[in-house]
Amino acid sequence: MDILNGFATLFANPTALGFVALAAFIGVVIGALPGLTAAAAIAMLVPLTFYLDPLAALAFLYVIGKSGRYGGSVSAILFNTPGTTASVATMADGHPLAKRGQSVRALRMATIASVSGDLIGDIILILGAALIASQTAKFGPPEYFAVYMMAFLVIGSVVGKSVLKGLIATTLGIAVALVGLDPITGQARWTFGMLELENGFTLVPLLIGVFVISELMIQAETRLTGQKTRVIDQATGDGGRLRWADVRPLWGVITRSSLYGAVIGVMPGLGSSVAAFVAYGEEKRRAKDGDEWGTGKLAGVAAPEAANNAVSGPSMIPLLTLGVPGTTVAAILMGVFLIHGIPIGPTLFVAANDLIYGLFAAGLIGIILYGLIGWFFGPAIGRVIARVPASLIYPTIFMVTLIAAYTGRLSFWDVQVMLGAGVLGYAMRKLEFPPAAFIIAFILAPGAEEALRQSLLLSRNGWAMFVTEPIAAGFLAIGLGVAVWRGWRATVAGQKTQIPNPDS
C-alpha cells in the first residue's frame, strides 16, 4: 500500500520526523494564543522551510495547520476567546463548562473530537486523492483554466461575508500577481518605472504582512481598548474528569460532524469555520436537549471540534489533484511546493509519490502527537499563555516577522512589502474584504494566465472553446452557479435583517 511506503519514507527521514513532533507542539501553542491563527503562524515560518528538504518543510507546516486548529479550542474554552475563527462555535458550550469547574473535561472532549475528526478526514484524503488525480490527469489547458476560474468565483463569493467584496479581493490578488515582466514578451507590467517591481511581488512577504502584521495591528488595537481575557484556573471536584460514559453517547455526533467537515473541506473556499457552524447547528437541531445547548453541553464541544478538524485532510484534495488550494493553509503549502520546485497537479502522484504519501503519514502521526499534547498538557498550556503578558508576546512576534521577511532574499525591499501588505491586510479586515481570497488569487493567477495563453494558442475557436469543451464549460458553470447562489442568499439575508423582529 502507498501509505505504508509513506511511513517508510517518513521514518527514513529523522529530520522530517523531528519537525512533525515540533509542529504538533507549536501548532497547539499558536492556536491557543487568542487571535493568532494557524495560517499566520505558518506564514511566519515559511522562510524556515527554505533550508529544509521538501518532506520536512511540507510536513512541518501541514502539521502546524492541523494542531493549530485544535489549539484554538484551548483559548475558546479557557478564555472565552477563539484562538482561531473555527473555534468560535466551541465557545458556546466549552466556556460554560469551564466556568462550572469542568475545564479539563471540556478540553479532553475537544481533544477526542478533534483527533477523531482529523483522522476521518485524513482517511478520506488518502483513499480519494489518488483516485481523483487519475481522472484529472486527462485535463488539458482549457480545463485547467476553467478550474482556475471556478476557484476564483467560488473562493471570491464564499470566503467573505459579502460576495462583492470577496470578488473585489480576488481581483486585487490577481492584479498584484500580474505586476512584473510579462513571461512571454518580457514587457514590464504595472511597474511604474520601479526596478524592484520588475521581478514582481514574492509570496512570503505578502503572506506575513497580510496574515501576521495585520493580526498584530488588530491585537494592538484590542489591547488599547482595554479588553482582557481571563483563564479558568482549574477543574473542581470529579466534574473535571472525562469518563467513557460521557464519550460513548457522542460517537454518533462526532462521526456525523466529521463527515460534514470532510464534505465541506473538499469544496474550495468554505473552510473549517463554516464546517464548525454547520455541524453545531445540525447536531443541535437533531439533539433532544437542543434547547440546552449553549449552557455547557459536551455534545456542543464535540460537534464543532470534530467538524473543523475534519476539514484539514479533504481540503488538500483540490490542491493535490487540481493545483487549486481550497483554504489559506493549503494555499501556503502550495507556495512551499513551488519554492521547492515540485509541480502541483495530478502528475504529482507519479512524479513525487513517496513525498506525497510521506506527507500523509506525517499528518497521521501529527494528529496522534497533538492529541497526546492536548490530553495531558492542554490546561497547563492555557494557564501559561494566560500569564505571559501580551506586551512580551506580540513585540517578539513582530521582530520574528522582520527577520523572516528579510532572510528570504536578504532584501529590505521585502521588509517594506511585508509592512505595506500588513497595512493592506488590516484595512481589508476592518472593511470586511477577505484577505484569504486575496492571497489565494495571488497564488493561482500565474497558473491561470499560463493555462489561458496555452488554451488560446491551441484553439481555433478563440474564447469559444471554454464553452464548447464540456468539462471546461461544466467547471465554469459551477463557479458561476455558486457565485449567483451566494449573491441571492446574501440579498435574501439582507432583506430579512431589515424586517423588525417582534420578539426583540
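Modeller: Helix α15 is largely enclosed by the rest of the structure, because 10 of its 12 residues are buried (under 20% relative accessible area; over 50% is exposed, in between is partly exposed, 1.4 Å probe, protein chains only). Bear in mind that this is a predicted model, where local features need pLDDT of at least 70, side-chain atom pairs count only at pLDDT 80 or more, and totals for chains, interfaces and linings use all residues. Numbering starts from 1 along each chain as its sequence is written, and side-chain values use heavy atoms, with hydrogens and water left out.

The buried residues of α15 are Thr328, Val329, Ala330, Ala331, Ile332, Leu333, Met334, Gly335, Val336 and Phe337. The helix itself covers residues 328-339 and reaches 17 Å from first C-alpha to last, close to the expected 16 Å (1.5 Å times one less than the number of residues). Helices here are DSSP runs of H or I, at least four residues, and strands are E runs of at least two, numbered from the N terminus.

After α15 comes glycine 341, with a positive phi near 75 degrees. Most residues other than glycine have a negative phi, so a couple of others deserve a look. Tryptophan 190 isn't a glycine, yet its phi is positive, about 55 degrees. You'll find tryptophan 190 in the loop between β2 (188-189) and α9 (203-224), partly exposed at 48% relative accessible area. Then there's glutamate 432, with phi near 65 degrees. Glutamate 432 sits in the loop between α19 (412-430) and α20 (435-458), and its 41% relative accessibility makes it partly exposed.
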